[in-house]
Amino acid sequence: MRRKKGERMLGIIGAMDEEVAKLQEKMADAAIVEKAGMKFFSGKLMGNDVVVVRSGIGKVNAAICSQILVDEFHVSAIVNTGIAGSLRSEINIGDIVLSTDALQHDMDAVAFGYPAGQIPRMDVLAFPADKALLELAEACCHEVNPEIGVWTGRVVSGDQFVSSKEKKNWLVETFGGSCTEMEGAAIAQAAYQNKIPYLVVRAISDKADDSANMDYQEFEAAAITHSVKLLLALAERFHS
Ligand code: ADE
């Protein structure tokens with residue numbers, strides 16, 4: 001689906017089938033295009049134009065997927081949905097974190113004098129999320145998920161499932177992150193370089209500590225329910 005001039009088209013990326021399947025089921029008139037091993041579902045969600053895609057896990061998949069959304073589907077904004085590990089004691093399993101900005105915690109050119117997370121020769125450490133999308137998502141979340149906490153903060157992404165106290169503490173001390181996952185900052189970087197707005201929306205499935213692996217398996221489904229509800233409300237309101 002090509003976007004006509006002036007039309008707004010929202011790209012929605014989830015890393016795993018579980019994160020996007022419910023959204024794809026609710027789409028009307030979906031056309032499916034396959035590229036780079038990813039199925040792009042373009043059509044209407046809650047009456048508005050969207051492309052929903054499962055990128056696969058990790059930063060490289062997420063970056064490839066974002067660039068295809070920009071080049072082939074001409075999306076006007078990207079929202080990344082899914083689950084994450086909490087980095088703050090007050091952010092509980094089941095809560096939602098909305099990105100204020102995102103960075104790649106496994107980018108390390110410290111030996112050349114760059115701070116941890118800084119991509120050499122880029123002009124920002126963390127990629128700022130879109131304020132309007134953030135405010136819209138916050139309002140939607142309070143409305144559709146009134147029983148859970150909604151937080152805003154820094155998303156720190158890396159090609160690692162974080163499941164140790166030591167690593168978690170390092171992420172908090174070094175970056176002041178609110179949650180950790182494996183795609184958001186790559187999508188943020190792609191959005192930044194293509195000059196389009198983005199937002200990361202993550203439901204907390206675990207606390208990124210020594211019990212993360214067990215918690216993740218237990219709470220993944222409930223966490224996804226919260227992010228799906230929010231994404232449906234966001235898709236409905238994105239164009240108004
Ligand atoms: N996604 C959900 N929980 C995570 C964690 N602890 N680390 C990285 N990605 C995650």
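At what angle do H1 and H6 pack, and how far apart are their axes? They pack at about 40 degrees, with the axes 10 Å apart. The model is predicted, so to speak of local features pLDDT of at least 70 is needed, side-chain atom pairs count only at pLDDT 80 or more, and totals for chains, interfaces and linings use all residues. Residues are numbered from 1 along each chain as its sequence is written, and side-chain values use heavy atoms, with hydrogens and water left out.

View 1. Helices (H or I, at least four residues) and strands (E, at least two) are DSSP runs numbered from the N terminus. Axes are lines fitted to C-alpha atoms, for helices over the stretch in contact, and angles run from 0 to 180 degrees between N-to-C directions. H1 and H6 are therefore oblique to each other (under 35 degrees counts as roughly parallel, over 145 as roughly antiparallel, 65 to 115 as roughly perpendicular and the rest as oblique). Glu18, Glu19, Lys22 and Leu23 of H1 meet Glu220, Ile224, Val228, Leu231 and Leu232 of H6, where contact means heavy atoms within 4.5 Å. By class, the contact residues are five nonpolar, no polar and four charged (Ala, Val, Leu, Ile, Met, Phe, Trp, Tyr, Cys and Pro count as nonpolar, Asp, Glu, Lys and Arg as charged, and the others, Gly among them, as polar).

**View 2. The second largest pocket, lined by residues of H1 and H6.** A pocket is an open set of points on a 1 Å grid over the protein atoms alone, where a 1.4 Å probe fits, with protein on both sides within 12 Å along at least five of seven lines; lining residues have an atom within 4 Å of a point. About 150 Å³ of space lies in this pocket, a volume being the space filled by probe spheres set on the points, which are joined across faces, edges and corners. Its lining consists of Glu18, Ala21, Lys22, Glu25, Glu220, Ala221, Ile224, Thr225, Val228 and Lys229. Helix H1 (17–25) and helix H6 (212–237) each give two or more residues, and H6 gives the most, with six. Four lining residues are nonpolar, one is polar and five are charged.

**View 3. Crossing of H3 and H6.** The axes of helix H3 (residues 131–144) and H6 come within 9 Å and cross at roughly 125 degrees. That angle makes H3 oblique to H6. H3 passes H6 in a right-handed crossing. On the H3 side the contact includes Leu133, Leu136 and Cys140, and on the H6 side Lys229, Leu230 and Arg237. Nine residues of this contact are nonpolar, none polar and three charged.

**View 4. The largest pocket.** This pocket holds about 220 Å³ of space. Its lining has 19 residues, with Ile83, Phe161, Glu181, Met182 and Tyr216 nearest its centre. Two or more lining residues come from each of strand E5 (77–86), strand E9 (179–181) and strand E10 (198–206). Ten residues of the lining are nonpolar, four polar and five charged.

Key
A crossing is left-handed if the near helix is turned anticlockwise from the far one by less than a right angle, and right-handed if clockwise.
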